[in-house]
Amino acid sequence: MTTRLEDDLRAALAGAPAPVLTLDPEAVLRRGRRSVRTRRVIQAGVAVVAVAAIGVAGTQLTAPRHSGAPASTRDQTGQPPIAELQLPGEGRFGVAVVSQDPNHLDLDFHTVGADGRLRMVGSQSTSAPGEVVWGTVADHVVLGVLPAGARQVRAFTGPDGSTPVSVVTAAVPGTDLEAFGTRVPTTASGTDALTRVLWTASDGRAHAFPPSASADFMLSGGSRLTVTLDRASGSPVMRAAALGPGGTEDLGSTPPPQAWDRTWHRVVTTREGAVLLYGVDRRTAPELHPAFGPGSHSIDANTQTEPLPGEDYRAFVIEVVSVDGHAPTASQLTDVGYANAPPSWSGNHYR
């Protein structure tokens, strides 16, 4: 049984216009479906999951770092925080942080039309802690995030990972993340992948992801030397390892010199008997010149240099070689400097 008042209310509601929606219903449904899929994957115990929406040509899944931000990043209107990036020659893009907590991050990538409307072109999800996450959209545009406060951001691509590309950044409001975007070259063989991102943190330290860059050298006895510049701790450390018939030999780690005019190097004798002076210096450094101790007239030296991918530095090795059949010793190779250094040379300035 109904009253006259109830009948009047039903009639009024039936004739009322439908409310105007400020959200795209399809986008809401897509987000719901993705949330269900994400929960199912996490419950299955999978460590990392990448979700690619239509329009994502390929992804480079790395790992984001968070500082305990709430899982939901949406504002009172239900919209996630979005950083807008203007990429020269490509247009405007948006990086939205859909959800964030210490163990998970969801990103949506959008194009931004002239009228300000967003069109979703890709997404990226990960549940592994770390430093940086990025994805590739439109075949050659890379969008991602790195820690907030990052400055002097540089990115590298190319076959050897040493080709710099310009980067645009913008803070993501209400988060501890900085959005970045770049364009990677497209060649006949395909699109070059983004290989490395470097930045300076708010404390002035240089960071990189991946944190290390290496160069390999073949030695005269058939062994291989790998010299690595490692930034995992925020301060650069040089590491080296020799791979020979007896396996891999860890040659230890060395911090950079404090004096700007010194060359970062170390002298070792491997278990295979090779006497090496290896190190790291600027790519633009002058020609290396080894210094020999007294009585070293019967030895020679082979010098090799290789650029470190995504760095302003190169690695080098000077291998002592005997010319009279007597085995060389580490004491014969005392130091290394530069030959014919121009007046403009101002040192290596490791950082």
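Which strands each supply at least two residues of the lining of the largest cavity? The answer is strand 8 (151-157), strand 14 (196-200) and strand 15 (206-209), where strands are DSSP runs of E with at least two residues, numbered from the N terminus. The model is predicted, so local features need pLDDT of at least 70 and side-chain atom pairs count only at pLDDT 80 or more, while totals for chains, interfaces and linings use all residues. Residues are numbered from 1 along each chain as its sequence is written, and side-chain values use heavy atoms, with hydrogens and water left out.

**View 1. The largest cavity and its lining.** Searching the whole structure gives two cavities of 30 Å³ or more. A cavity is a set of points, on a 1 Å grid over the protein atoms alone, where a 1.4 Å probe fits but cannot get out, and lining residues have an atom within 4 Å of a point. Points are joined across faces, edges and corners, and a volume is the space filled by probe spheres set on them. The largest cavity holds about 100 Å³ of space. Strand 14 gives the most to this lining, with three residues. Among the lining residues are Gln 152, Arg 154, Leu 198, Trp 199, Thr 200, Ala 206 and His 207. Others include Arg 231, Glu 311, Asp 312, Tyr 313 and Arg 351. The lining has four nonpolar, three polar and five charged residues, with Ala, Val, Leu, Ile, Met, Phe, Trp, Tyr, Cys and Pro counted as nonpolar, Asp, Glu, Lys and Arg as charged, and the others, Gly among them, as polar.

**View 2. Strand 8 and its pairing with strand 14 and strand 9.** Two strands pair if DSSP finds at least two bridges between them. Strand 8 and strand 14 run antiparallel and are joined by four bridges. Three bridges, also antiparallel, link strand 8 to strand 9 (residues 163-165). Ala 155 has Val 197 as its bridge partner in strand 14, and Val 165 as its bridge partner in strand 9. Strands 8 and 9 form a hairpin with five residues between them, and Gly 158 in the turn has a positive phi of about 95 degrees.

**View 3. The second largest cavity.** About 50 Å³ of space lies in this cavity. Strand 18 (237-244) and strand 19 (247-254) each supply at least two lining residues, and strand 18 gives the most, with three. The lining includes Leu 219, Ser 223, Ala 242, Leu 243, Gly 244, Gly 247 and Glu 249. Thr 270, Arg 271 and Glu 272 also belong to this lining. By class, three residues are nonpolar, four polar and three charged.

View 4. Strand 23 and strand 24 (residues 313-322) run antiparallel, joined by nine bridges. Asp 300 stands opposite Val 321 in strand 24.

**View 5. Arg 282 in strand 21 (residues 275-282).** Arg 282 is buried, with a relative accessible area of 19%; buried means under 20%, exposed over 50% and partly exposed in between (1.4 Å probe, protein chains only). The side chain of Arg 282 reaches the backbone oxygen of Asn 348 at 2.6 Å. A polar atom of the Arg 282 side chain lies 3.2 Å from the backbone oxygen of His 349.

Notes
1 Å grid on protein atoms, 1.4 Å probe; cavity = no way out; pocket = protein on both sides within 12 Å on 5 of 7 lines; lining within 4 Å. Polar contact = N/O pair within 3.5 Å; in protein donor to acceptor, adjacent residues only side chain to side chain.
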